[in-house]
Amino acid sequence: MSSFAHVEVAPPDALFNLSALYKQDPYPDKVDLGIGAYRTEEGQPWVLPVVRTIEAQMASDPMLDHEYLPILGLRAFRDASTRLLFGADSPAITKNRVCSVQTVSGTGALRLGFDFLFSKYHVKTVYISSPTWGNHTAILKQVGYKDVRQYAYYKEDTRGLDIEGMLRGLEASPDGAIVLLHACAHNPTGVDPTKDEWRRILAVVKEKKLFPFFDCAYQGFASGDVDEDAWCVRQCVKEGGELFVAQSFSKNFGLYNERVGQLCLVLSSVSCVAPVLSQLEVLSRRMWSNPPNHGVRIVTIALNNPSLYQDWLDNLGCMVERIKTMRMELYKLLKAKGTPGSWEHIVKQIGMFTFTGLTRAQCEYLQTKCHIYLLDNGRISMSGLNHKNLEYVAQSMYNAITTVT
């Protein structure tokens with residue numbers, strides 16, 4: 001008998017299983033609203049033109065090789081992406097209180113950061129939003145956290161932010177607890193706090209001495225403005241204290257399979273930077289030894305070349321504007337059809353995803369009867385919509401809402 005006969009089959013990942021079901025479906029008018037990757041008006045993946053330009057340059061550069069990067073990653077990337085996140089004039093940067101580690105995208109940054117906190121930080125309680133990205137809970141469990149609590153975030157009746165519930169939850173937390181916050185384009189809801197609401201949140205963080213860990217997966221992809229999307233992180237730095245940020249370039253550069261990211265830390269004392277970085281280096285060595293090279297060089301070149309940087313911002317703007325257009329047109333169609341309910345949240349929410357408010361049964365109807373693939377919590381990826389399928393999706397949503405309770 002095998003030593004592994006007792007091993008059970010793990011449940012499939014909900015998102016990637018949904019993608020597999022979509023690909024297997026022979027229906028000609030099927031629609032994929034599940035996976036969190038940008039699609040063009042034609043429903044195709046888009047390699048950003050600036051990425052094509054840089055890859056062509058790299059291919060003809062005889063000085064590039066495939067040697068290992070340092071354990072901490074490519075220094076030019078770490079410096080440039082840190083400036084993008086905090087702003088070049090950030091007091092944390094000018095006072096040398098920032099350090100960073102290149103990671104295997106944002107997921108790797110979360111895992112590395114929480115592994116470090118679990119072994120070195122004195123409080124073992126973590127607060128996450130309700131709801132949050134599914135992998136957050138899985139990562140925390142894998143690291144070893146037993147006390148993972150939720151703070152209120154999404155308000156079902158308004159399909160917006162439950163700011164009072166969120167503040168009550170954080171105010172009731174034990175002093176020093178870790179709080180995981182979405183920097184922008186909250187996943188899965190697309191609901192972000194306003195600046196005034198962020199000020200209230202950060203005031204509680206400061207009062208309770210909470211440890212903020214930001215997940216920043218959509219800088220520039222939410223509003224189209226990289227500075228606006230980093231506002232809450234920069235404000236937190238101004239408020240003082242320490243923080244971690246998991247930074248990803250999958251969405252805003254379209255480098256999904258290149259796994260480009262980093263863990264950024266703002267510490268209260270310069271003297272702590274070297275010891276903390278040395279421990280993160282040890283953890284990184286044990287996890288992935290050395291980070292990947294190709295995608296990170298693309299990002300580095302773009303962030304350090306003024307002309308290519310502007311090209312990247314323009315490419316970002318194209319993606320953001322198409323998603324905003326799809327939001328408005330889906331909203332108009334649902335209103336025109338007299339679809340029961342209020343649909344203003346579709347245009348108020350931000351980023352790649354919309355939390356529709358559809359029930360699990362209605363989502364099942366859309367998948368089984370209409371071949372429209374979405375998560376069973378009602379989250380849809382707006383970039384999966386285009387002018388060829390908008391009418392079909394809107395009519396199908398109307399049918400689901402009026403026939404399925």
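**Close-up views of a predicted model**

At 37% relative accessibility, R200 counts as partly exposed, a class that lies between buried (under 20% relative accessible area) and exposed (over 50%), as found with a 1.4 Å probe on protein chains only. This is a predicted model, in which local features need pLDDT of at least 70 and side-chain atom pairs count only at pLDDT 80 or more, whereas totals for chains, interfaces and linings use all residues. Residues are numbered from 1 along each chain as its sequence is written, and side-chain values use heavy atoms, with hydrogens and water left out.

**View A. The side chains of E164 and R200 meet in a salt bridge, at 3.1 Å from N to O.** E164 belongs to helix α7 (residues 163-171) and R200 to helix α8 (residues 195-207), so this pair ties together parts that are 36 residues apart in sequence. Helices here are DSSP runs (H or I, at least four residues) and strands are runs of E (at least two), numbered from the N terminus. Like R200, E164 is partly exposed, with a relative accessibility of 38%. A salt bridge means that a side-chain nitrogen of Lys or Arg is within 4 Å of a carboxyl oxygen of Asp or Glu, and a search of the whole structure finds 13 of them.

**View B. Within helix α8, R199 and D196 lie three residues apart, about one turn of the helix.** Their side chains form a salt bridge, with 2.9 Å from N to O. D196 is exposed at 54% relative accessibility, whereas R199, at 40%, is partly exposed.

**View C. Helices α2 (residues 49-59) and α13 (residues 294-304) pack at an angle of about 110°, with their axes 10 Å apart.** The axes are lines fitted to C-alpha atoms over the stretch in contact, and angles run from 0 to 180 degrees between N-to-C directions. The two helices are therefore roughly perpendicular to each other, the word used for angles of 65 to 115 degrees. On the α2 side, V51, I54, E55, Q57 and M58 meet H294, R297, I298, I301 and A302 of α13.

**View D. P131 sits in the loop between strand β3 (125-130) and helix α6 (134-143).** Its relative accessible area is 23%, and P131 is therefore partly exposed. Apart from neighbours within four places in sequence, P131 is in contact with Y154, H186, P188, T189 and F355, where contact means heavy atoms within 4.5 Å.

Methods: Angles under 35 degrees count as roughly parallel, over 145 as roughly antiparallel, 65 to 115 as roughly perpendicular and the rest as oblique.
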